[in-house]
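Let's walk through this one together, from the overall layout down to a few single residues. Have the sequence and the model open side by side as you read.

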Amino acid sequence: MSIETREASNKTITIWFKRVTGFGNEKATTYDVVTTKACYEQGGSRQYTDTTGVNFTPQSTYWLEVLSENPRLGDFIALGDQSLIAKPSDAEKAESIRIVALQDCSELGDVDDLEIVT
């Protein structure tokens, strides 16, 4: 993690990693839940395009260190320690992740931070 992100990461966030097991009608969805520290910005004026080509304005943007498993599209993220909640649909204001990008917040050329846009 860049020093800039580490020093500014003052919000606890919860990430739900989506897991789908089984085949056909036997598919089951579960979530692995982790918490970490991040920088947070609500909303924004910058337009993004998601993987399906849809333009959107973000609900939230998070900057955090690269994790041992990085979030993917379709995982969920929310502010606060909500690690005791098994499903993001039961959590307070959990948002679906729409973009995950590696980013160098230190501007030193070493990519070691994540930008997550919902």
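Helices (H or I, at least four residues) and strands (E, at least two) are DSSP runs, numbered from the N terminus. With that in hand, look at the end of the chain: T118 sits in the segment after β9 (113-117).

Residues are numbered from 1 along each chain as its sequence is written, and side-chain values use heavy atoms, with hydrogens and water left out.

How much can you trust it? The protein averages 84, and 86% of the residues score at least 70. Confidence is highest in β6, at 96, and lowest in helix α1 (residues 3-8), at a mean of 64. Where pLDDT is low, the predicted coordinates should not be read in detail.

Now the overall layout. The protein has one helix and nine strands, and reading along the sequence gives the pattern α-β-β-β-β-β-β-β-β-β. Seven strands form an open sheet with antiparallel pairing, in the order β7-β6-β1-β2-β5-β9-β8. (Two strands pair if DSSP finds at least two bridges between them.) The edges belong to β7 (95-96) and β8 (99-103), each with a single partner strand, so one side of each is left without a neighbour in the sheet.

Let's step across that sheet. Strand β1 (residues 11-21) and strand β6 (residues 76-79) run antiparallel and are joined by four bridges; here I15 stands opposite I77 in β6. Four bridges also tie β2 to β5, again antiparallel, and Q42 has S60 in β5 as its bridge partner. Between β5 and β9, another antiparallel pair, there are five bridges, with E65 opposite D113 in β9.

What about the inside? Call a residue buried under 20% relative accessible area, exposed over 50%, and partly exposed in between (1.4 Å probe, protein chains only). By that rule, 35% of the 118 residues are buried. β5 is mostly covered, with five of its six residues buried. The largest nonpolar core has eleven residues: I13, I15, F17, A38, Y62, L64, L67, I77, I97, L114 and I116. Two or more of these residues come from each of β1, β5 (60-65) and β9, and β1 gives the largest share, three residues. A nonpolar core here is a set of buried Ala, Val, Leu, Ile, Met, Phe, Trp, Tyr and Cys residues joined through side-chain atoms within 4.5 Å. As background, in soluble globular proteins, nonpolar side chains tend to be buried together.

Next, contacts, meaning heavy atoms within 4.5 Å. Among contacts between residues at least 6 apart in sequence, 56% join residues at least 24 apart. A38, one of the core residues, is in contact with S9, N10, K11, I13, W63 and L64, leaving aside neighbours within four places in sequence. T36 lies in strand β2 (residues 28-42) and is buried, with a relative accessible area of 14%. Not counting residues up to four places away in sequence, T36 touches K11, T12, I13, I15, L64, E65 and L67.

Back to T118, then. What does its side chain meet in a polar contact? The partner is the side chain of E95, at 2.6 Å; a polar contact is a pair of N or O atoms within 3.5 Å, and within protein one must be able to donate a hydrogen and the other to accept it, while residues adjacent in sequence count only if both atoms are side-chain atoms. T118 is buried, with a relative accessible area of 2%. Leaving aside neighbours within four places in sequence, its contacts include F56, Y62, I77 and I97.

D112 lies in the loop between β8 and β9 and is buried, at 16% relative accessible area. D112 and L67 are 45 residues apart in sequence and 9.5 Å apart in space, C-alpha to C-alpha. K93, in the loop between β6 and β7, is exposed at 68%. Its phi is near 60 degrees, a positive value in a residue other than glycine. Most residues other than glycine have a negative phi.

Key:
Predicted model: local features only at pLDDT ≥ 70, side-chain atom pairs only at ≥ 80, totals over all residues. pLDDT = per-residue confidence, 0-100.
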